Amino acid sequence: MFFIYKLLVIVFIIFSPITFVFRIFLGKEDPDRFLEKFSIYKKKVKIHETVWFHGASVGEILSIIPIINILEKNVKVKKILITSSTVSSASIISNYNFKKTEHVYFPIDSDFFMNKFIKTWKPKVVFFIDSEIWPNFIKNLYRKNIPIILLNGRITAKSFNRWMIFKSFAKEIFSKINISLPQNLQSAKYLKRLGAKNIKIAGNLKYFGEPKKIIDNKIKVLFKNRVIFCAASTHFDEENKIAKAHIDLKNSIPNLLTVIIPRHTHRSKSIISDLNNLGLKVVSRKTKLKINKDTDIYLVDTYGEALKFYALSKVSFIGGSLINHGGQNPLEPARLGNFILHGPHINNFYEVYTYLSKFKNSFKINDEKSIKKIVLKKINFKQKLKIKRKLYRLGNLILKNNLKYINKFI
């Protein structure tokens with residue numbers, strides 16, 4: 001199976017110039033840095049014993065920021081490397097003033113690029129986050145006796161079934177992981193069946209976060225005298241449903257301002273066009289234009305600022321849930337006192353939504369009418385501190401549990 005996998009990687013490399021040109025055009029690749037995916041770097045790297053973390057995109061990277069903050073203060077740690085695959089995740093990291101930590105893009109999973117990457121960065125340990133399993137990397141890291149840790153591991157039913165099609169191949173890969181730290185019991189069960197040996201449930205790192213509000217005074221002034229409803233991590237077509245709900249809601253809340261934070265900002269032009277076609281007036285954050293009394297939608301087409309808007313809202317819809325995507329993480333707005341709305345497709349964060357629902361902090365919606373109903377009910381409701389305190393305590397416990405295992409490899 002490894003032979004077939006390597007052939008597929010070679011085919012990808014052959015067509016990669018076309019793929020990368022197309023992705024650069026779409027804004028999905030950084031034209032100045034895409035060569036990092038071929039382990040080509042602009043500056044010379046001279047480091048040893050790097051502590052390496054790899055996560056696919058924004059959610060995975062944000063989940064390890066608390067760990068990075070702690071390791072930055074650890075005198076044993078000389079260098080921290082974060083790799084990811086998306087422009088949005090790279091943008092997020094640039095917002096932090098790290099001293100020991102550097103970000104580069106994750107290279108193509110071929111023997112040549114992988115070995116060049118390892119020779120350059122000399123990792124002493126690697127933490128693959130969530131569901132990032134790369135066969136060539138794992139096989140070669142194992143051969144070089146570099147410890148491999150699956151951090152905040154998540155295996156969904158869908159990905160488990162895919163791996164089980166190639167059961168022996170899966171066992172060959174997962175058995176090479178030194179320790180797996182799954183985020184829930186279901187993932188632990190799947191990992192065991194896939195061949196992982198050393199499994200310790202440490203909890204979902206995404207529960208961690210500070211409960212205090214992050215108020216941006218400039219935004220607060222900008223939104224003066226407006227009632228804020230947030231729709232975050234939205235995907236294609238979800239913005240239209242939110243927009244239609246906004247139109248209905250304005251009859252009851254004339255000073256309503258709906259803040260839309262799309263999951264992928266490269267879609268901003270098409271989103272604005274769709275909303276304008278519905279007769280709505282949109283201001284995009286990148287333009288830095290002022291909001292008028294007749295502004296309907298404030299489109300946040302920047303990265304890493306969602307917390308500023310959750311802090312001014314009491315109700316947030318979390319996207320990827322009205323479409324068959326599996327939902328996005330609702331914990332950030334929940335920690336800041338927002339009631340959460342979500343669609344029926346939440347399998348990616350089913351455990352989290354179950355927890356929030358237990359405290360009557362999340363509500364399932366299916367269409368514009370149900371959005372309107374919950375927003376009207378909760379938009380002026382003073383949130384209780386109970387859920388904030390519980391999330392804070394749980395998050396701290398989970399962070400400590402994970403650090404207990406991480407520190408063994410530092």
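**View 1. Strands β11 and β12 run parallel and are joined by 3 bridges.** This is a predicted model, in which local features need pLDDT of at least 70, side-chain atom pairs count only at pLDDT 80 or more, and totals for chains, interfaces and linings use all residues. Residues are numbered from 1 along each chain as its sequence is written, and side-chain values use heavy atoms, leaving out hydrogens and water. Look for F339 in β12 (residues 339-342), the bridge partner of V315. Strands here are DSSP runs of E with at least two residues, and helices are runs of H or I with at least four, numbered from the N terminus; two strands pair if DSSP finds at least two bridges between them.

**View 2. Strand β11 also pairs with β7 in the parallel sense, over 3 bridges.** Here A232 stands opposite I318 of β11. From β11 (residues 315-318), V315 and F317 point one way, S316 and I318 point the other way, and all are buried (under 20% relative accessible area with a 1.4 Å probe, protein chains only; exposed is over 50%, partly exposed in between).

**View 3. Helix α8 (residues 185-194) has buried residues S187, A188, Y190, L191 and L194.** They line one face of the helix because, seen down its axis, they fall within an arc of 165 degrees, taken from the directions from the helix axis to the C-beta atoms. The face turned away carries exposed L185, K189, K192 and R193.

**View 4. The buried residues of α8 pack against β5, α6, α7 and β6.** Contact here means heavy atoms within 4.5 Å. Following α8 comes G195, with a positive phi near 110 degrees.
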